[in-house]
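I opened my notebook for a look through this one, and I jotted things down as I went. Here are the entries.

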Amino acid sequence: MKVQINPERCQGHGRCYDLAPSLFGEDDEGYGQVLGHGIVAPGEEESARLAVANCPERAIDAHEET
């Protein structure tokens, strides 16, 4: 699984980095950003899905890698 944040939709609520701090962080202005390359480590998939589901602007996309 891989995650990404659409910066045009992100409003800086911070739910992503509160719910999945190993996957998301905040920039200098408080907007969410993906840590690393956005690749979700095994066992972190549920945290990634929780962050996606709780983003009010639907700014996070998760893609299953094949």
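**Entry 1: a term to settle.** I call a residue buried when its relative accessible area is under 20%, exposed when that area is over 50%, and partly exposed in between. I also note that I am working from a predicted model.

**Entry 2: E44.** I started with E44, which sits in the loop between β3 and α2. Its relative accessible area comes to 24%, so I filed E44 as partly exposed. Which residues does E44 contact, leaving aside its neighbours within four places in sequence? I found S22 and L23.

**Entry 3: G36.** I stayed in the loop between β3 (32-34) and α2, where G36 also lies. G36 has 69% relative accessibility and counts as exposed. I then took the distance to P56, which is 20 residues away in sequence, and got 23 Å from C-alpha to C-alpha.

**Entry 4: salt bridges.** How many salt bridges does a search of the whole structure find? I got two.

One pairs R9 with D61, and the closest N and O atoms are 3.4 Å apart. R9 belongs to the loop between β1 (2-5) and α1 (15-19), while D61 is in strand β4 (residues 60-63), so this pair ties together parts that are 52 residues apart in sequence. Both partners came out partly exposed: R9 has a relative accessible area of 31%, and D61 is at 25%.

The other pairs E64 with R49, where the closest N and O atoms are 3.2 Å apart. E64 is in the segment after β4 and R49 is in helix α2 (residues 45-54), so parts 15 residues apart in sequence are tied together here. I noted E64 as exposed, at 53% relative accessibility, and R49 as partly exposed, with a relative accessible area of 39%.

A reminder to myself: side chains of opposite charge can pair when their charged atoms come close.

**Entry 5: β1 and its partner.** Next I followed the side chains along β1. In a regular strand the side chains alternate between the two faces of the sheet. How do β1 and β4 run, parallel or antiparallel? They run antiparallel, and four bridges join them. Within this pairing I marked K2, which stands opposite H63 in β4.

**Entry 6: A62.** While in strand β4 I looked up A62. A62 is partly exposed, at 35% relative accessibility. Not counting residues up to four places away in sequence, A62 touches M1, K2, V3 and V52. I also took its distance to G32, 30 residues away along the chain, and the two C-alpha atoms are separated by 15 Å.

**Entry 7: the nonpolar core.** Which residues touch the most other members of the largest nonpolar core? The core has 15 residues, and the answer is I5, C16, F24 and I60. I wrote down that β1, α1 and α2 each supply at least two residues of this core.

Residues up to four places away in sequence aside, I60 touches Q4, I5, C16, F24, A51, V52 and C55.

Entry 8: I searched for cavities of 30 Å³ or more and the structure holds one. About 90 Å³ of space lies in the largest cavity. Which of its 14 lining residues are the closest to its centre? I listed C10, H13, G14, C16 and C55. C16 was already in my notes from the core, and C55 from the contacts of I60.

**Entry 9: R58.** My last stop was a backbone angle. Most residues other than glycine have a negative phi. R58 is not glycine, yet its phi is positive, near 55 degrees. I placed R58 in the loop between α2 and β4, and noted R58 as partly exposed, at 47% relative accessibility.

Note on methods: Residues are numbered from 1 along each chain as its sequence is written. This is a predicted model: local features need pLDDT of at least 70, side-chain atom pairs count only at pLDDT 80 or more; totals for chains, interfaces and linings use all residues. Side-chain values use heavy atoms; hydrogens and water are left out. A salt bridge is a side-chain nitrogen of Lys or Arg within 4 Å of a carboxyl oxygen of Asp or Glu. Buried means under 20% relative accessible area, exposed over 50%, partly exposed in between (1.4 Å probe, protein chains only). Two strands pair if DSSP finds at least two bridges between them. A nonpolar core is a set of buried Ala, Val, Leu, Ile, Met, Phe, Trp, Tyr and Cys residues joined through side-chain atoms within 4.5 Å. Contact means heavy atoms within 4.5 Å. On a 1 Å grid over the protein atoms alone, a cavity is a set of points where a 1.4 Å probe fits but cannot get out, and a pocket is an open set with protein on both sides within 12 Å along at least five of seven lines; lining residues have an atom within 4 Å of a point. Grid points are joined across faces, edges and corners, and a volume is the space filled by probe spheres set on the points.
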